Every structure is written in C-alpha cells, then in structure tokens.
Amino acid sequence: GTMKKLKIQFNAKTFYARLLTEQAPQTIARIEACGPFDSLLVAAKMCDHEIQWHTPMFYAPLENPVFDQKPGNVIYYPQRQCICVFYGETVPVNYCNLIAEILPEDLPGFFQEAQTVWSRQGGLVHTQVVEE
C-alpha cells in the first residue's frame, strides 16, 4: 500500500518523513490542503536543535499532543502556525501536534543539514505531502 509522506527540501537536499495520519488527521489534512508551499527556514532561538518554518495560515486543534520530543520528530505548533523538526536533544516549551517522523534512512543527512541552518537563517524550505 501507499504511504503518505511529508517531503521536505532545503539546502538542495530532499528528506522524507512518515506522516502519522491516524494520530493527527486534521492537522495533516490542513497541511495537505495548503498544497506544496515554500517558506523561510530558521533555527529556533529558544530551543536547541530545532529548525522551523511557517505554514500558510490555518488553525489546527491540539491533536496527538507530545511534550518531550525526540530527534526526527516533525511537529505542528498551533500557537505559531509553524512546522518544527527536532534534530538533537531539546528542552520543549509546550505541547505540540506530533504529525510525522523523519525516515530512519534520512536521519543522518537531515541532522547534518539542520545543523547548518543556525548560520544560514532564512533559506527556503519546500514542503509537500506526497504518496509513494
């Protein structure tokens, strides 16, 4: 069967995350409805080892809320309408919707690229829901 994935492209590299459609159906449906979109990529200034970018504006309720995040988690932060991805140990600030997990085979490359974002704030990130 096909699996829905979140395709994330930045620094001329492509990464995939397995979407947790059963756990966060409303949030994922809204991200998918936004269609492919480009956004500015930043390293979070308040949480270590986290990169984030804004989605087109939409409201999503808190669903599949997770507080302690593990590297590779992709979350939607409803209060700020942004997607955040963790790539190392992070002290969380709030409950967020866990929507996807970076594929294990993509983790090493993702961690490597995510670390460069701090010194290169504001590059473009391309986000798209794909089925494969």
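Visitor: Which residues are buried in helix 1?
Guide: Helix 1 covers residues 25-33, and T27, I28 and I31 are buried there. Keep in mind that this is a predicted model.

Visitor: Why do you say they line one face of the helix?
Guide: Looking down the axis of helix 1, you find its buried residues within an arc of 95 degrees, so they sit along one face.

Visitor: And what does the backbone do just after helix 1?
Guide: G35 comes there, with a positive phi of about 70 degrees.

Visitor: OK, new topic. How many residues are in the largest nonpolar core?
Guide: That core has 29 residues. F10, I51, W53, V74 and F110 are the ones with the most contacts inside it. As a general point, nonpolar side chains tend to be buried together in soluble globular proteins.

Visitor: What does F10 touch?
Guide: Leaving out residues up to four places away in sequence, F10 touches F15, L41, I51, F110, E113, A114, V117, L124 and V125. There is also another core lying apart from the largest one. That other core has nine residues, including V66, C82, F86 and C96.

Visitor: Let's go to T127. Where is it found?
Guide: T127 is in strand 9, which spans residues 123-131.

Visitor: Is T127 buried or exposed?
Guide: Buried: T127 has 0% relative accessibility, and the cut-off for buried is under 20%.

Visitor: Which side chain makes a polar contact with the one of T127?
Guide: That would be W53, with a polar contact of 2.9 Å between the two side chains. W53 is also one of the residues with the most contacts inside the largest core.

Visitor: What else does T127 touch?
Guide: Besides W53, the list includes L6, K7, G35, P36, F37 and I83, again not counting residues up to four places away in sequence.

Visitor: What about Q52, buried or exposed?
Guide: Q52 is buried, at a relative accessible area of 8%. Q52 belongs to strand 4, residues 50-54. Beyond four places in sequence, Q52 touches L40, L41, V42, A44, R80, C82, I83 and C84. One of those, C82, is part of the nine-residue core.

Visitor: What phi do N11 and A12 take?
Guide: N11 has a positive phi of about 55 degrees, and A12 has a positive phi of about 60 degrees. For background, most residues other than glycine have a negative phi.

Visitor: How exposed are N11 and A12?
Guide: N11 is partly exposed, with a relative accessible area of 25%. A12 counts as exposed, at 86% relative accessibility.

Visitor: Last one: how many bridges join strand 2 to strand 8?
Guide: Three, and those strands run antiparallel. Strand 8 covers residues 96-102, and A100 in it is the bridge partner of L19.

How values were computed
Residues are numbered from 1 along each chain as its sequence is written. This is a predicted model: local features need pLDDT of at least 70, side-chain atom pairs count only at pLDDT 80 or more; totals for chains, interfaces and linings use all residues. Side-chain values use heavy atoms; hydrogens and water are left out. A nonpolar core is a set of buried Ala, Val, Leu, Ile, Met, Phe, Trp, Tyr and Cys residues joined through side-chain atoms within 4.5 Å. Buried means under 20% relative accessible area, exposed over 50%, partly exposed in between (1.4 Å probe, protein chains only). Contact means heavy atoms within 4.5 Å. Helices (H or I, at least four residues) and strands (E, at least two) are DSSP runs, numbered from the N terminus. The arc is that of the directions from the helix axis to the C-beta atoms. A polar contact is a pair of N or O atoms within 3.5 Å; within protein, one must be able to donate a hydrogen and the other to accept it, and residues adjacent in sequence count only if both atoms are side-chain atoms. Two strands pair if DSSP finds at least two bridges between them.
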